[in-house]
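Here is a short report on one protein model. Look at the chain from end to end before reading on.

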Amino acid sequence: MTNLKKQKAEIIAKFGENKKDTGKAEVQIALLTNDISNLTKHIQEFSKDFSSKRGLYKKVSLRKKLLAYLKKNNIERYRQIIQTLNIRG
């Protein structure tokens, strides 16, 4: 559990303006990307875990909405987060 807290704190520090800045779109997208990668690894191991699959789909959908918001309002921040997280080719 502490490992996940450390990961979250590192992501917030990297993408936020301070250690409590969790509302910024970039921070939320980065946290969702981390959760998506962890859930993807879990589902590869436990392919019949349908509740985790549903959670994964919800997180992917939320990240997609946040990326669309960022693209619409600030294209430079959108391009920067896409490049930093290597989300889209």
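Asn86 lies in the segment after helix H4, which covers residues 75–85. The model is a predicted one. In it, the phi angle of Asn86 is near 55°. That is a positive value in a residue other than glycine. Most residues other than glycine have a negative phi. Is Asn86 buried or exposed? Asn86 counts as exposed because its relative accessible area is 64%, and the cut-off for exposed is over 50%.

Now turn to Thr33. This residue is found in helix H2. Thr33 has a relative accessible area of 16%. The cut-off for buried is under 20%, so Thr33 is buried.

The table sets the two residues side by side.

| Residue | Relative accessible area | Class |
|---|---|---|
| Asn86 | 64% | exposed |
| Thr33 | 16% | buried |

Which residues does Thr33 touch, leaving aside its neighbours within four places in sequence? They are Arg63, Leu85 and Ile87. Leu85 falls within helix H4 (75–85). Ile75 also falls in that range. Thr33 and Ile75 are 42 residues apart in sequence. In space, their C-alpha atoms are 19 Å apart.

Helix H1 spans residues 2–15, and helix H2 spans residues 25–45. Their axes come within 9 Å. They cross at roughly 145°. The crossing of H1 and H2 is right-handed. Which residues meet there? From H1 come Leu4, Gln7, Lys8, Ile11, Ile12 and Phe15. From H2 come Glu26, Val27, Ala30, Leu31, Asn34 and Asn38.

Step back to the whole protein. How many helices and strands does the secondary structure hold? There are 4 helices and 0 strands. Along the sequence, the pattern reads α-α-α-α. The C-alpha atoms fill a box of roughly 40 × 30 × 20 Å, taken along the principal axes.

The protein has 89 residues, and 29% of them are buried. Thr33 is one of the buried residues. The accessible surface comes to about 6700 Å². Carbon and sulfur atoms account for 51% of that surface.

Contacts across the sequence can be counted too.

The protein has 21 positive and 8 negative charges.

Note on methods:
Residues numbered from 1 in each chain as written. Predicted model: local features only at pLDDT ≥ 70, side-chain atom pairs only at ≥ 80, totals over all residues. Heavy atoms only, no water. Helix = DSSP H or I, 4+ residues; strand = E, 2+ residues; numbered from the N terminus. Buried < 20%, exposed > 50% of the residue type's maximum accessible area, 1.4 Å probe, protein only. Areas by Shrake-Rupley, 256 points an atom, 1.4 Å probe, with all protein chains shown as cover. Lys, Arg positive; Asp, Glu negative; His and termini not counted. Charge placed at Lys NZ, Arg CZ, Asp CG, Glu CD. Axes fitted to C-alpha atoms, helices over the stretch in contact; angles between N-to-C directions. Left-handed = near helix turned anticlockwise from the far one by under 90°. Contact = heavy atoms within 4.5 Å.
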